[in-house]
Amino acid sequence: MKWSHYALLAGFSAVLPVAAYAQTEVEAEAEPEAATTVTDERVVLEADIVYENSADNTIIAEGNVEALHQGRVLRADRLIYDRTTERARASGNVIITEADGSQQFAEEVDVGPDLTDGYAIGYSARLPGDATVAAKSAIRRSDGINALEHVVYTACPLCEEDTTPTWSIRARRAVLDEESQMISYRDAVIEIGGVPVFYLPYLSHPDPNSERRSGLLMPNAGLSSTLGAFYKQPYYWAVSDHSDITISPMVMQNVNPLLGVDFRKRFYSGAVKFETSFTHEADFDSDGETFGEETFRGHLYGNGLFAISPEWKWGFGVETQTDDLYDRRYDISGQGDKRGLYSNQPRRLLSQVFVTGQGDSYYTDAALLNFQGLRGEDDAARLPLVSPLAYADKYWDLGAYGFASVTASTAILTREVGADSHRASLGGDWNTMKILPGGFTFEPFAELRGDYYMLDEDVSGKDSVARAVGNTGAKLAYPMVRPGTNVDLMLEPAVMAAWGFSNVNDPAIPVEDSLLYEFDESSLFEANGFGNFDLYEGDGKVSAGLTARALWKNGTEVSTTVGRRWRSRADPAFDVASNLDGKSSDWLASASLKMGKKLELSSRVRLDEKDLSLSRFDMRAATSFDWFRAVGQYYKIDERISPAGTSDEGIFLRGEIQFTDRYSVVFGQLRDISRNVNTRQEIGIAYTDDCSRFELLYNRSELRDRTLGPTESFQVRFSLLSLGNFGSDSFE
């Protein structure tokens, strides 16, 4: 609701130049029946009659008055300019049309000589974005204060005069202070569907068309089986053009209040973001029953990234909370977000400081890592401190001789209880590609690396281990392409053979970076099927695979890859889950379908090498139509390869189905099928129109974690167009 768009500014600036020109140029006593047109480079005035009244020193235009100035049009039944007071008055069906198409209406408009003061009677306006305002009168003062009396405002488009908007604000008086860009209401009533819902003796918010301003955000309220009835009221504080703070106090029926604070700041070279909350409360279970001693509890998540130079950056990520279950008790999200160079694991917090450098021919990074466990079985003394974890890569383009690179890496892990591990590695690799007769591609390669480990002899049995690892081999492929009228086809069979050092995985070396690694189709043609450092795949191996792709002219794409790997001997260092145990791997396959926003599918399959039974299956699907939007994931892991030794199956689904122009059903589910537990379940109904969105949501979790059991909650969320939304993660 930008009041500087009102007739008090917009219309008056059209009226005054007309009057000023008419004062000196208009011809008096024009013929009553003749239309008169007066123009100059600033304004065009048309009316049935334009004449001068010398008795009171006024210029009068009557009948179909139309003034055009810089794309703005003023229409009225009558226009009077008083040369003595230098005031202009338009009356009778006053309509002001802006260049952007917005319109303003009034019965009468009066303005002073410098446009700093004036009034409008019977005022209404259609503003950009379909917002509408109406008032008995509008007054503009010379100090920049604009006031409306008996005002109604809504951001909902009104197609007909008797249309009831979804929401509106009705107030006895509303004032816009142009200097502070704040709008305040006296005796304000918020109406939903024409029904009064809230009465506020005073209501204030920033002008929606102003820059970032401080003020209340939309609240969040509901009913939880753990917290009881709760109400959260965020307050947004625009500290400066480059920083802001959101303060979110939350009161709950069953436990003490909690205060959340989010802070963001941009600097010349980067930005930081922190999310924190704290309270003074005892532990409590899923029924909200407290136990133990009351103490201060809280959490802190944050990250930052800064540019040192065009090629170098440094950053940090911090994740910590006072209690393992703090985030679950208060339903705080964000535990799994990536806040730096490295990602954390589920229910593990990771704090890090890092630096990266990347140029045309090199890449390097170094990081300090610290972990906090949130799982019931976690022992803080056994979680490592990594100081540092570093990697550097320098490569050269050798022209016709291919590409070469040198890499260096180090990992220093220390624990209060358990094995310490200090590793340093230095290696190099070379590869090239040649086109052979008949269209075959030939890619020879070689790699060599040396590792040195300093170990805890009491735990590992050795104080150090030195080893050399390496592979050499080649990949041979035969790409075939068949262009078509409607679809292009590609088929590429390939085989890779390599030979590497044997017996390179000393049992004394602690496996830190390869615990959950699994060989899949993405590394099918790699000489070393393990992408990390602690374990290495040597000996002889052969991989064979087939890739097929179809690309339609309308953009639809289907692709698939299938393959398998054989080895000269089994390495006992690899377990079944890694898919590198034994002398052959399971069958591997992947497939994808891309049809734009309508449908995207991707899947990965691992089939047992003996009987082709399903060992692992992962699938993701996403679709978006005007009436239906959803994303889903499904996975299934056979007990044969599961790290837990039991089968694992689950599904994630989230979406929205629109069944009328306004109403839709929102749903979401995260289900552990193998345990028959809904980790997270959400369903609700939403009403959306051009000016608002209303959501009524039901959430339930059957997850059990020590003192917390199943929980459920109801939430009500309401957002109003132009008066605030649920929030944003970026500066506007």
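**Figure 1. A network of salt bridges links ten residues: Glu518, Asp520, Glu521, Asp586, Arg604, Arg606, Asp608, Arg616, Asp618 and Arg640.** A salt bridge is defined here as a side-chain nitrogen of Lys or Arg within 4 Å of a carboxyl oxygen of Asp or Glu. The structure is a predicted model, in which local features need pLDDT of at least 70 and side-chain atom pairs count only at pLDDT 80 or more, while totals for chains, interfaces and linings use all residues. Residues are numbered from 1 along each chain as its sequence is written, and side-chain values use heavy atoms, with hydrogens and water left out.

**Figure 2. Arg616 and Glu518 meet through their side chains in a salt bridge, at 3.2 Å from N to O.** This pair links distant parts of the chain, 98 residues apart: Arg616 is in strand β37 (residues 614–624), and Glu518 is in the loop between β32 and β33. Helices (H or I, at least four residues) and strands (E, at least two) are DSSP runs, numbered from the N terminus. Arg616 and Glu518 are both buried; buried denotes a relative accessible area under 20%, exposed over 50%, and partly exposed the range in between (1.4 Å probe, protein chains only).

**Figure 3. Asp327 and Arg347 form a salt bridge between their side chains, with an N to O distance of 2.7 Å.** Because Asp327 lies in helix α2 (residues 326–329) and Arg347 in the loop between α2 and β23 (348–358), the pair ties together parts that are 20 residues apart in sequence. Asp327 is buried, at 4% relative accessibility. Arg347 is likewise buried, at 11% relative accessibility.

**Figure 4. Arg170 is joined to Glu191 by a salt bridge whose closest N and O atoms are 3.2 Å apart.** Arg170 belongs to strand β11 (residues 167–177) and Glu191 to strand β12, so that the pair links distant parts of the chain, 21 residues apart. The relative accessibility of Arg170 is 41%, which counts as partly exposed, whereas Glu191, at 10%, counts as buried. A search of the whole structure finds 49 salt bridges. Side chains of opposite charge can pair when their charged atoms come close.

**Figure 5. The side chain of Glu695 makes a polar contact with that of Arg693, at 2.9 Å.** A polar contact is a pair of N or O atoms within 3.5 Å; within protein, one must be able to donate a hydrogen and the other to accept it, and residues adjacent in sequence count only if both atoms are side-chain atoms. Glu695 is located in strand β42 (residues 692–701) and is buried, with a relative accessibility of 6%.

**Figure 6. Asp187 has a positive phi of about 55 degrees, although it is not a glycine.** Asp187 is found in strand β12 (residues 182–192). With a relative accessible area of 27%, Asp187 is partly exposed.

**Figure 7. Asp539, a residue other than glycine, has a positive phi near 60 degrees.** The loop between β32 (487–500) and β33 (540–552) contains Asp539. Asp539 is buried, with a relative accessible area of 5%.

**Figure 8. Ser387 and Pro388 are joined by a cis peptide bond, with omega about 0 degrees.** Pro388 is placed in strand β25 (residues 385–397). Most peptide bonds are trans, and most residues other than glycine have a negative phi.
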